[in-house]
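Here are a few notes to read with the model open beside you. Take the points one at a time and find each place as you go.

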Amino acid sequence: MIDTLPPLREVVRAHGLEPKKSLGQNFLFDLNLTSRIARAAGPLDDVTVVEIGPGPGGLTRALLAAGAREVIAVERDERCLAALSEIAAHYPDRLEIVAGDALATDLAQLVAGVAGRKQICANLPYNIGTALLVQWLESPVWPPWYDKLTLMFQREVAERIVATPEQRVDYGRLGVLCGCLTKARILFDVPPSAFTPPPKVVSSVVELLPRTDPLPCRIEILSAVTQAAFHQRRKMLRQSLKGLGVEALELLNAAGIDGTKRAEEVDVAGFVRLAQQLVILRSR
Ligand code: SAM
């Protein structure tokens, strides 16, 4: 037992929180598992944790029990707010509930007045997990306001996040973005049976630590290059990089990359060089 609040299944029943597929609602009721995720995010003393999609509050409770100074929880489903208020009452001044869409919420602004270390920890709704991660990584300020992300994704997305050119199938735009800006690793897998209702696939908890010294390049330019390169991933780069507004071969030569290579053979540093050279060539 991590607190004296009612068991999560009881909370779900009492508040009529029938899981909605449209909101990616796969709830965690196993306290050992939610505690394990909170421990993976930790140590949490003096840390403010932003949690996306608290739902009935299983992970929220684990984060609070693990000692987070405060949890700021952004939930879109209004049905969950009453259950979350009960947790807030149990942990006075330590849980702020924000009703709204995380995709439309400026988290940096949300924590603007908060002193000390800040993190994001979440069992993300699968349908918008990648979009949220990309939004947080494409922060206009770097290093960003958070010093760690501990996030649950589908295993397949987790593999794309940590992929390198050696794992060709999984390596793509997401791997380049995450590799450029963070040190990412898969911490552990979670089987479908751990969720209610069980999803079709295995999930993984991923840790992303923002690099304090990322390779210097403009992220929107890097994104344009990787979009062109991976959109036609089987084609040679001298072909797929046409359409960036510069001579593809000139760009590849300037970046020191063989034009007969394919996107999946170029490492993060190579894509950063391409983005840097694209800016230079475009300014001529
Ligand atoms: N944290 C809970 C748990 O582990 O049991 C629930 C996780 S469930 C996978 C995803 C949660 O995200 C749901 O509570 C859902 O209502 C919420 N959600 C879905 N879309 C959202 C959005 N755009 N903004 C905020 N929360 C959202």
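1. Start with helix H7 (residues 155-162) and helix H8 (residues 173-181), whose axes come within 6 Å and cross at roughly 55°. This is a predicted model, so please read every value here as computed. With angles of 65 to 115 degrees counting as roughly perpendicular and those under 35 as roughly parallel, H7 and H8 are therefore oblique to each other.

2. Which residues bring H7 and H8 together? From H7 come Val-157, Arg-160 and Ile-161, and they meet Leu-174, Gly-175 and Cys-178 of H8. Sorted by class, the contact of H7 with H8 holds four nonpolar residues, one polar and one charged.

3. Now look at another pair, helix H9 (residues 219-231) and helix H12 (residues 268-282). Their axes cross at roughly 110° and come within 9 Å, and H9 and H12 are therefore roughly perpendicular to each other. The crossing in which H9 passes H12 is right-handed.

4. On the H9 side, this contact is made by Ile-221, Leu-222, Val-225, Thr-226, Ala-229 and Phe-230. H12 contributes Phe-271, Val-272, Leu-274, Ala-275, Leu-278, Val-279 and Arg-282. In the contact of H9 with H12, eleven residues are nonpolar, one is polar and one is charged.

5. Is helix H3 (residues 58-65) largely enclosed or largely open? Seven of its eight residues are buried, so H3 is largely enclosed by the rest of the structure. The buried ones are Gly-58, Leu-59, Thr-60, Arg-61, Ala-62, Leu-63 and Leu-64. Just after H3, you will find Gly-67 with a positive phi of about 105°.

6. Arg-61 deserves a visit of its own within helix H3. Its relative accessibility is 3%, and so Arg-61 counts as buried. Leaving aside residues up to four places away in sequence, Arg-61 touches Ile-2, Asp-3, Leu-5, Pro-6, Leu-8, Val-11, Ile-87 and Tyr-91.

7. Finally, turn to Ser-204 in strand S9 (residues 203-210). Ser-204 is buried, with a relative accessible area of 0%. What does the side chain of Ser-204 make a polar contact with? The partner is the side chain of Asp-189, at 2.8 Å. Beyond four places in sequence, the residues that Ser-204 touches include Leu-151, Met-152, Phe-153, Gln-154 and Arg-155. Ala-158, Ile-186, Phe-188 and Asp-189 are also among them.

Methods. Residues numbered from 1 in each chain as written. Predicted model: local features only at pLDDT ≥ 70, side-chain atom pairs only at ≥ 80, totals over all residues. Heavy atoms only, no water. Helix = DSSP H or I, 4+ residues; strand = E, 2+ residues; numbered from the N terminus. Buried < 20%, exposed > 50% of the residue type's maximum accessible area, 1.4 Å probe, protein only. Polar contact = N/O pair within 3.5 Å; in protein donor to acceptor, adjacent residues only side chain to side chain. Contact = heavy atoms within 4.5 Å. Axes fitted to C-alpha atoms, helices over the stretch in contact; angles between N-to-C directions. Parallel < 35°, antiparallel > 145°, perpendicular 65-115°, else oblique. Left-handed = near helix turned anticlockwise from the far one by under 90°. Nonpolar A, V, L, I, M, F, W, Y, C, P; charged D, E, K, R; others polar.
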